[in-house]
Amino acid sequence: MAASVGQALALVLVAALWGGTQPLLKRASSRLQRVRERNWARQLVQEMKTLFLDIEYLMPFFLNQCGSLLYYFTLASTDLTLAVPISNSLAIVFTLIVGKCLGEDIGGKRAFAGIVLTMAGITLCITSSVNKIQGQPSTL
């Protein structure tokens with residue numbers, strides 16, 4: 001089963017939601033206050049309260065979960081061999097891009113080369129799949 005343009009775009013959006021929120025979650029979780037309780041149940045309640053009352057952590061978490069929900073719905077109609085590579089590899093690309101925008105060290109020239117190669121591979125996957133659904137032979 002090949003993917004339509006809409007399905008491919010949905011998978012790219014999933015990757016953006018997953019990858020784009022990872023650096024934000026990392027930054028927000030590093031700023032959380034440490035909670036220490038004697039009882040494990042109280043510890044759990046305090047940790048949950050700390051997480052869910054921190055909007056800087058909660059918003060990226062919510063967006064990340066929206067990406068998971070969209071992925072779940074997209075999998076119902078998309079070929080798994082196309083969905084997994086697009087969403088997971090592009091999530092890494094979005095993580096690197098957003099991390100760089102936030103001032104993180106992403107690894108220099110090798111990271112950039114990895115992004116270019118990943119984008120080339122995903123472009124081949126999407127083009128091949130979209131051409132199949134439109135009834136055109138792939139020119140790649």
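Trainee: Is Tyr72 buried or exposed?
Mentor: Keep in mind that this is a predicted model. Exposed needs over 50% relative accessible area. Tyr72 comes out at 59% relative accessibility, so it counts as exposed.

Trainee: And how do the rings of Tyr72 and Phe73 pair?
Mentor: Their centres are 5.6 Å apart, with the planes at 65°. Planes over 60 degrees apart fall in one class, so the Tyr72 and Phe73 pair is edge-to-face.

Trainee: What about Phe73, buried or exposed?
Mentor: Its relative accessible area is 54%. The cut-off for this class is over 50%, so Phe73 is exposed.

Trainee: How many aromatic pairs are there?
Mentor: Ring centres have to lie within 6.5 Å to count as a pair. Going by that rule, the count is three. One of them joins Tyr57 and Phe61, with 6.1 Å centre to centre and 15° between the planes, and this aromatic pair is stacked.

Trainee: Which helix holds Tyr57 and Phe61?
Mentor: The two are four residues apart, about one turn of the helix. Both sit within residues 55-75, and that's helix H3.

Trainee: Is Tyr57 buried or exposed?
Mentor: Buried means under 20% relative accessible area. Tyr57 has 17% relative accessibility, so it counts as buried.

Definitions and conventions:
Residues are numbered from 1 along each chain as its sequence is written. This is a predicted model: local features need pLDDT of at least 70, side-chain atom pairs count only at pLDDT 80 or more; totals for chains, interfaces and linings use all residues. Side-chain values use heavy atoms; hydrogens and water are left out. Rings of Phe, Tyr and Trp (its six-membered ring) pair if their centres lie within 6.5 Å; planes under 30 degrees apart count as stacked, over 60 as edge-to-face and the rest as tilted. Buried means under 20% relative accessible area, exposed over 50%, partly exposed in between (1.4 Å probe, protein chains only).
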